[in-house]
Amino acid sequence: MSGLTAVLRVEHPDLALTETAARDRSAAIHPVREAGTDSESGHHHIVVQSASFDRFDAALAADPTVAAFDAVTRFDEGMLYRIAYTDRAVLFSPEITRANGLALDIENDGTGWTMTVWLPDRDRLARLWSFADAHGVDIRLRRVNDYAGPVEGTVDLTTAQREALLTALDAGYFEEPREVTLDEVAAELDISQPAAGGLLRRGIKRLLLATIARDD
């Protein structure tokens, strides 16, 4: 599989969940690409990690881009939410899917979103720019790597992800039953529990994309 990976930063006051992320800075928000959008209900799904889901729920309730939400189920240290957005919301992530792309990583920095995406070609990348221009979204390209499939080559782990995975592995976090909790892994890394969970989740995702999810 060929294509390109690009790191983008997008910003607009009405990008979906921007205000929610700003109100709960501990939250890591990840759209569930596989769930897609229910054409009848208009619902989207996200997986969230937060230091306080009460605070996250309050942030959702105050977010002008959110019409309704439900906490579907909790698992490990995360929560699956079903979200319905208002007409005001600008939805960028679904445009990546419509361009036959894949969002590898999405992070909020308080006012905007940094996205690492894989796309089949530069024409599909240009499609994202067209969408941004049409909706008044500020979009900036931080870097791009041509001829790189999302699941090919070496595993592109960040230093923090690699350290978190190795620390958790050495401590017995992946044993059955677990020998340490996520809180203990976070303490060893000297970071918050949501931050540790986010590093592990993103690191595992990249490992899966580079191994068992590979196209032959």
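The legends below describe close-up views of a predicted model. Residues are numbered from 1 along each chain as its sequence is written, and side-chain values use heavy atoms, with hydrogens and water left out. Because the model is predicted, local features need pLDDT of at least 70 and side-chain atom pairs count only at pLDDT 80 or more, whereas totals for chains, interfaces and linings use all residues.

**View 1. The open sheet E2-E3-E5-E4 has four strands with antiparallel pairing.** Strands (E, at least two residues) and helices (H or I, at least four residues) are DSSP runs numbered from the N terminus, and two strands pair if DSSP finds at least two bridges between them. Strand E2 (28–31) and strand E4 (66–75) form the edges, each pairing on one side only. From one strand to the next the twist averages 30 degrees; axes are lines fitted to C-alpha atoms, for helices over the stretch in contact, and angles run from 0 to 180 degrees between N-to-C directions. Six bridges connect strand E3 (residues 43–49) with strand E5 (residues 78–85) in the antiparallel sense. His-44 has Ile-83 of E5 as its bridge partner.

**View 2. Helix H2 (residues 53–62) packs on this sheet.** The helix touches E2, E3, E4 and E5, where contact means heavy atoms within 4.5 Å. The direction of H2 makes about 10 degrees with that of E5. Rings of Phe, Tyr and Trp (its six-membered ring) pair if their centres lie within 6.5 Å, with planes under 30 degrees apart counted as stacked, over 60 as edge-to-face and the rest as tilted. Five aromatic pairs are counted by this rule. Among them, Phe-53 and Tyr-81 have ring centres 6.5 Å apart and planes at 35 degrees, so this pair is tilted. Since Phe-53 belongs to helix H2 and Tyr-81 to strand E5, the pair ties together parts that are 28 residues apart in sequence.

View 3. Strand E1 (residues 4–11) and strand E7 (residues 113–119) run antiparallel and are joined by seven bridges. Arg-9 stands opposite Thr-114 in E7.

**View 4. Helix H5 (residues 159–171) and helix H6 (residues 182–189) cross at roughly 125 degrees.** Their axes come within 10 Å. The two helices are therefore oblique to each other, given that angles under 35 degrees count as roughly parallel, over 145 as roughly antiparallel, 65 to 115 as roughly perpendicular and the rest as oblique. Glu-163, Ala-164, Thr-167 and Ala-168 of H5 meet Val-185, Glu-188 and Leu-189 of H6 in the contact.
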